[in-house]
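Work through the following exercises with the sequence and the structure open side by side.

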Amino acid sequence: MRSPADMTVIQIDITNVCVHSCSNCTRFCGHHQQPFFMDYQTFQKAVDSLKDFPRMVGIIGGEPTLHPDFERYLEYLRKSRLAEKIATFRYPVEDMLHYIKTRLDQSHDAKTGLWSCLNAGYYKHFEVINETFHRQFLNDHDNTCLHQALLMPRKDLGIPDDIWVKKRDACFAQSSWSATITPKGAFFCEIAGALDMLFHGPGGWEIEPGWWKRTPDEFGEQLQWCELCSACLDVPQRISSDERDDITPQMYERLKKIHSPKIAKGMYVIHEPANYREEDYQGFTRGSQYIEAANHKRTSKDNRNIYPKEFFHTNFQEWKKVFLQGVAKDWVIISNNDEEANEAEGYFKNVIINPGCCYAYGNVILVNVRASSLEMLAKGIIQDNWEAWQYFPPEKIVYVDAYQVRHGLNFYECIDGIPDGSRLLIYGAGKNGKEMYARLLAYDNWEVCGWVDQNNQKLGYPIQGVDRLERRDFDYVLIAIQDRETFGILKDKMIQRGIAADRIMQVFRK
Ligand code: SF4
Ligand code: SF4
């Protein structure tokens, strides 16, 4: 067991409503007759109590994006924990898994984190989410991730005290996951907090500054919840989408007594203690094993929840009227050229784009009716001469060129694995190189320290000659050339110059 002060994350459970009812859910979703939504005052207290907590405050549920006041809560969290807004999901994302891996799952000094199953609530709050969270732990559960049985208590299984205490004190969940705050107080362990909610317990510690500095010898009464929990035991695991919970017959009675809807629906598998043999199972030893079982697949291409839903076509003369009449529900394509507008739709419908941004492609502008930058317009406050993009701050205007729209560029595959903080040198200033340069500038993960091309004299500033490679002030060279053979020749030459092979990467086209 460890003190919450030593944890990477302390969670705030803002609701236990969820679109799923996964097997062996850590929040026991599906078992509650009456779900909760944390009130604003409690949330403020929770965030304030963690002001000095130096690492990540997580917002979790259930599915937290379903909280009716979600954006107001995020604003409070952001102001309390961040010096400035985050800027994720600005450029179109063609490969979500890569983006999760290379962007949302990074940042070692994160102060905020979101746990979401990427349902429609995520799309609804897309802009604000991507201004608030350093890290996002996304899992749509359309995968083979495993959830370990949590409701097979040790006494039901006949595990004696001496063995039990050792197992409990080594619990993988408490040592690799989080403490939490629920509407009923603060808890040393997130699953203990969820059990208190499920079985109508006495609640947790007062939510006050410094509660999280308690050490294991101060956990006291809260350890009673471990007696109902099997996270630290060798018990069955089940694919989350199976939706049935693994329970003992005694737990079945306990859940029946609280009128669990999941029990009423028959969504359980009872394990007879007489048949329980510890050696038949291998309990998890670290939290990441849940998703490792799904080979880190957190979302599938079939999950269209966060892709554009609808495109309403209009022109530069009519677009304000379209907004004021409220006929468009999602994205609006503004163009006076039907061919270009259709081409844009063909591309944007298959990438993930941020409803808070304005996308510019040739003479086409794409904006979303929910963009906060267009609030003035939604309220009928119109700048007569302004075009759509003029309502947006420059950092929210994203230019996409014709090559990208027509061919796609799997940018993330090419930069996958480059550690944060690396210094990058781009080789090549053709179309690929320009696109690469523009995209990399949009990220603060890496520093572009140079850009070189053999024809630098024709191209002019900021392109430098290839002699620049000799300075060796970069960590990686990104060769922005499509042809594999040419890439191979260039790579060989660089290796001869003493650059390590694993530091030379190619822009990769689909
Ligand atoms: S998505 Fe998460 S919170 Fe929702 S039921 Fe599944 S495990 Fe529980
Ligand atoms: S046994 Fe359960 S309640 Fe106790 S620390 Fe482990 S996860 Fe938390």
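**Exercise 1.** Which ligand takes the space that is the largest cavity? Describe its surroundings.

*Solution.* In this predicted model, the space that counts as the largest cavity is taken by ligand 2. The elements that give two or more residues to the shell around ligand 2 are α8 (172-176) and α9 (190-198). Listing the shell next, one finds Met-1, Cys-171, Ala-173, Gln-174, Phe-188, Cys-189, Ile-191, Ala-192, Cys-226, Cys-229 and Ala-231 around ligand 2. Sorted by class, this shell holds ten nonpolar residues, one polar residue and no charged residues.

**Exercise 2.** Is Asp-245 buried or exposed, and with which side chain does it form a polar contact?

*Solution.* Asp-245 belongs to strand β9 (residues 245-247). Its relative accessible area is 1%, and Asp-245 is therefore buried, the limit being under 20%. The side chain of Asp-245 is joined to that of His-31 by a polar contact of 2.6 Å.

**Exercise 3.** Where is Asn-130 found, and why does it count as buried?

*Solution.* Asn-130 lies in helix α5 (residues 126-132). It counts as buried because its relative accessibility is 0%. The side chain of Asn-130 makes a polar contact of 2.9 Å with the side chain of Gln-136. When neighbours within four places in sequence are left aside, the residues in contact with Asn-130 are Ile-86, Ala-87, Thr-88, Phe-89, Tyr-122, Gln-136 and Asn-354.

**Exercise 4.** Which residues of helix α1 are buried, and what do they pack against?

*Solution.* In α1 (residues 40-49), the buried residues are Tyr-40, Thr-42, Phe-43, Ala-46, Val-47 and Ser-49. An α-helix has 3.6 residues a turn, so residues three or four places apart point the same way. The buried residues of α1 pack against β1 (9-13), β2 (56-60), α2 (70-81) and β6 (179-182). Finally, the N-terminal end of α1 is capped by Asp-39, with a side-chain oxygen 3.1 Å from the backbone nitrogen of Gln-41.

How values were computed: Residues are numbered from 1 along each chain as its sequence is written. Chains are lettered from A and ligands numbered from 1 in the order in which they are written. This is a predicted model: local features need pLDDT of at least 70, side-chain atom pairs count only at pLDDT 80 or more; totals for chains, interfaces and linings use all residues. Side-chain values use heavy atoms; hydrogens and water are left out. Helices (H or I, at least four residues) and strands (E, at least two) are DSSP runs, numbered from the N terminus. Buried means under 20% relative accessible area, exposed over 50%, partly exposed in between (1.4 Å probe, protein chains only). A polar contact is a pair of N or O atoms within 3.5 Å; within protein, one must be able to donate a hydrogen and the other to accept it, and residues adjacent in sequence count only if both atoms are side-chain atoms. Contact means heavy atoms within 4.5 Å. A residue is near a molecule or strand if one of its heavy atoms lies within 4 Å of it. On a 1 Å grid over the protein atoms alone, a cavity is a set of points where a 1.4 Å probe fits but cannot get out, and a pocket is an open set with protein on both sides within 12 Å along at least five of seven lines; lining residues have an atom within 4 Å of a point. A molecule sits in a cavity or pocket if more than half of its atoms lie within 2 Å of its grid points. Ala, Val, Leu, Ile, Met, Phe, Trp, Tyr, Cys and Pro count as nonpolar, Asp, Glu, Lys and Arg as charged, and the others, Gly among them, as polar.
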